[in-house]
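Okay, everyone, thanks for coming.

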Amino acid sequence: MAQPARRVVSPPEDPPVDPEAIDRAYHYHRARRNARIRRKREKAHARLRFILTFAVLAALALVLVLTIWHEVQKVFGL
């Protein structure tokens, strides 16, 4: 007995596009880029704070050493 011919269903040309998915991906990548820029900026600021703090502490230590040396010379008459 003859069987009916099978119908060939062709797949759709383009998959359906979700406009919300495009917006979510855009915002996701933009947030990642902004976070990377913010981390880079914060790292630079932290480096600058460290250098400034170190310079101030080194200057204070130098002033303290010089002051103590001057007082030692006055007391012992060196």
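So, what I'm calling a salt bridge here is a side-chain nitrogen of Lys or Arg within 4 Å of a carboxyl oxygen of Asp or Glu. And keep in mind that this is a predicted model.

How many salt bridges do we get by this rule? The count comes to two.

Let's take D18 and R24. Their side chains meet in a salt bridge, at 3.8 Å from N to O, and that counts because the cut-off is 4 Å. As for how much of each one shows, D18 is partly exposed, at 39% relative accessible area, while R24 is exposed, at 51%. R24 counts as exposed because the label needs over 50%.

Then there's E71 with K74. In that salt bridge the closest N and O atoms are 3.7 Å apart. Both residues sit in helix α1, three residues apart, so about one turn of the helix. E71 is partly exposed, with a relative accessible area of 36%, and K74 is exposed, with 55%.

The general idea behind both, as you know: side chains of opposite charge can pair when their charged atoms come close.

Which residues form the nonpolar patch on the surface? Those are W69, V75, F76 and L78, and together they have about 540 Å² of accessible area. Let me pick out V75, one of that group. V75 belongs to helix α1, which covers residues 19-76, and V75 is exposed, with a relative accessible area of 62%.

Okay, that's my bit. Over to you.

How values were computed. Residues are numbered from 1 along each chain as its sequence is written. This is a predicted model: local features need pLDDT of at least 70, side-chain atom pairs count only at pLDDT 80 or more; totals for chains, interfaces and linings use all residues. Side-chain values use heavy atoms; hydrogens and water are left out. Patches are made of residues with over 30% relative accessible area and no salt bridge: like charges are joined within 9 Å, nonpolar side chains (Val, Leu, Ile, Met, Phe, Trp, Tyr) within 5 Å. Accessible areas come from the Shrake-Rupley method with a 1.4 Å probe; for residues, only the protein chains shown count as cover. Helices (H or I, at least four residues) and strands (E, at least two) are DSSP runs, numbered from the N terminus. Buried means under 20% relative accessible area, exposed over 50%, partly exposed in between (1.4 Å probe, protein chains only).
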